[in-house]
Amino acid sequence: MPEGTDDPRLSAEGELALARLALDDGDLRHAAGHLAGAIAYAPTMPEVHEALAQLAARSGGGVELFPLDQHPFIGTVVARAHLLAAAGRPGDGLELLAAATGHAPSADWAGVPWVSAPELPGHLDPDRIARILMQVCAGIPDPVPETAREPLWPYLRLARHAVAAHPRHGLLLGAASALARRVGAITLAVEWASRGTRELPSKLSEVWLGYAYRSAGRTDDALAALRRAVEHDPEDLSVYADIAGTLADHGQLDEALDWIDRALSRDPSFDCAVHTGHRLRYRRDGALDHLVALADFQRDHPDDSHEHSDLAECCHGQPWLGRVPAATEKVAVAVRQRLGSGEPAPDAQLLLTELEPPSAMRTLVGWASDLTVAVEGTPEPDLREPRRPVTRRLWHYDGTDAVPTLPEPAAPAVERIRHLAHPAWPHPPAAYDAAVGLATVELDDLLGLLVHPPAPPPTELGRTLAEHDPTLWVRCVQVWVCLGLLHHRTDEPWPDSTRRRVLLDLVWGVEDWITEAALFALVTAAWVDPSVRTDVARVAAERLVDAVEVAGRRPVSVKRSLAQLVLATPMAEPAAVDAARQLLARDNGGQVRRPGRFRQLWNRIWSRLTRRR
């Protein structure tokens, strides 16, 4: 269905009315264009198919009125498919419908009588039917979510009728099994795949059977089938990776890694084995080196056989590796509680024993202005002063009130960050790549965004954060701004570059959420550029040591986050890693509890942000 359509049936009726007018005028080409539009909106609407039949009758079949150019409109493809079937070429028509399904699997392109006719497969070559079913499988998730399966039922009916018509065709049985498994017909998938291995003993048949057994929860049978596939073709290393993944999913990590090592001994650069191996080794011992090595491999091998998600799976939901940690300051908690109550609190007072980071304090003023804040003192070392001498100071203080030293950023910069900022990313290199959208934003505007974060956008994510946790939105803005700084003047060599110098100023400036964001940007630089790793590891270690020393004299709210950043740093100094782990083991106060409704909304948004299909 074309985007931006509120009522597809109404739109289809409009296109259909125009098509009928064109038919009445004898303008067959314009009629064809409107019918293509109508069928794209409502692919199973009977009136559309009746008009298509009228067009075919008046044009000698009508196929040529729906040409396939280099980038054909999907309605044109589907209309041509139906006309080909009507002209006695259903195989050609099925191939086009399968292509349409691969492009837009949620539309019911095949939900028409001729596709589900029991007699259809008897008129087709079973090899061709198998290829069509494999084409459908290639364009849909594995498995297809239950709510998205209905448009695929016509293909499953086609598979049933094809198996009935060609009951001993091994390739067809296997392809039918693959489709059945994807749409949740697991018992059928096992039956067809089992028959397929008997009729056509081969690597592919055993792989289909192994996958079917695995979906049915029959792990031992699945592994036996996959091992037989290896016997058929010891050179197909992707099966080794499948076996390893299946073993690992059932807690047999050592045996899984043995299979990975067997694959890598045959081809050390085989991408499936490399990705799976690093993921499993990280799962076994939690060493960041495995993920960094995987990121390096991805960077050095951009033309892998297919897209891999192993690195993203390992980083998913982990602080800084895959998300922005929530703020833990007292003022951040107060903002969340204030918004959660939904009621004004004009006489409420928040008493702080010590000053908290400026970004946190200003977020409180902006989002819970009815709360009166009283600060008892500013213990040494004074939070209002940079931790080291810096060139750029983002804040100055009027007593305990933080005031930005920079003007507000330009409107284009504001819109750019509102569009880009969000709290999750697949992994640090992906975050770096996404931040390239800030490459053309002026440095002063980027720095201005750090101290003048805009309001959240009017999206589901923006509304959820505004209603429940605007502190996280502010942190998102600051994180993505600092990632954007990595794309500033990239022609300058790293040691003396503006981007490094500015980020170090932010790391060592006034203790703030910006400190965390800037250090994360440096850590991300180390993920994407091995030459800067020693430098970044030193900075991360020194910043954590400083925070720990200060914490011996006064609270340091960013200390936990700095420890998490050290653990996310490639080639981190061993002593810093030990200190970070000890700190996190002692500190159990960094977990933020969410209201139930917020968690439900957040989980839905989070899955959308990190969805890879």
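1. Buried means under 20% relative accessible area, exposed means over 50%, and partly exposed is the range in between, computed with a 1.4 Å probe on protein chains only. By that definition cysteine 272 is buried, with a relative accessible area of 10%.

2. Some ground rules for reading the values follow. This is a predicted model, in which local features need pLDDT of at least 70 and side-chain atom pairs count only at pLDDT 80 or more, while totals for chains, interfaces and linings use all residues. Residues are numbered from 1 along each chain as its sequence is written, and side-chain values use heavy atoms, with hydrogens and water left out.

3. The protein chain has 30 helices and four strands. Both are DSSP runs numbered from the N terminus: helices are H or I with at least four residues, and strands are E with at least two. The C-alpha atoms fill a box of roughly 85 × 65 × 50 Å along the principal axes. Of the 613 residues, 54% count as buried. Contact here means heavy atoms within 4.5 Å. Among contacts with a separation of 6 or more, 68% are between residues 24 or more positions apart.

4. How many disulfides are there? A disulfide is a pair of cysteine sulfur atoms within 2.5 Å, and by this rule the count is zero. For cysteine 272, the nearest cysteine sulfur is that of cysteine 314, 15 Å away. For cysteine 315, the nearest is also that of cysteine 314, at 6.6 Å. Cysteine 315 is buried, with a relative accessible area of 0%.

5. Helix α26 (residues 513-528) and helix α28 (residues 559-567) pack at an angle of about 0°, with their axes 10 Å apart. Axes are lines fitted to C-alpha atoms, for helices over the stretch in contact, and angles run from 0 to 180 degrees between N-to-C directions. Angles under 35 degrees count as roughly parallel, over 145 as roughly antiparallel, 65 to 115 as roughly perpendicular, and the rest as oblique. The pair α26 and α28 is therefore roughly parallel. On the α26 side the contact uses Thr515, Glu516, Leu519, Phe520 and Val523, and on the α28 side Ser561, Leu562 and Leu565. These residues divide into five nonpolar, two polar and one charged. In this scheme Ala, Val, Leu, Ile, Met, Phe, Trp, Tyr, Cys and Pro are nonpolar, Asp, Glu, Lys and Arg are charged, and the others, Gly among them, are polar.

6. Leaving aside neighbours within four places in sequence, serine 561 is in contact with Trp320, Pro325, Arg475 and Glu516.

7. Helix α23 (residues 460-468) and helix α24 (residues 470-485) pack at about 125°, with axes 6 Å apart. The two helices are therefore oblique to each other. Leu465, Ala466 and His468 of α23 meet Pro470, Leu472 and Trp473 of α24.

8. Strand β3 (residues 395-398) runs antiparallel to β4, joined by four bridges; strands pair if DSSP finds at least two bridges between them. They form a hairpin with two residues between them, and glycine 399 in the turn has a positive phi of about 70°. Aspartate 398 stands opposite aspartate 401 in β4. Strand β4 (residues 401-404) has Ala402 and Pro404 on a covered face and Asp401 and Val403 on an uncovered one. In a regular strand the side chains alternate between the two faces of the sheet.
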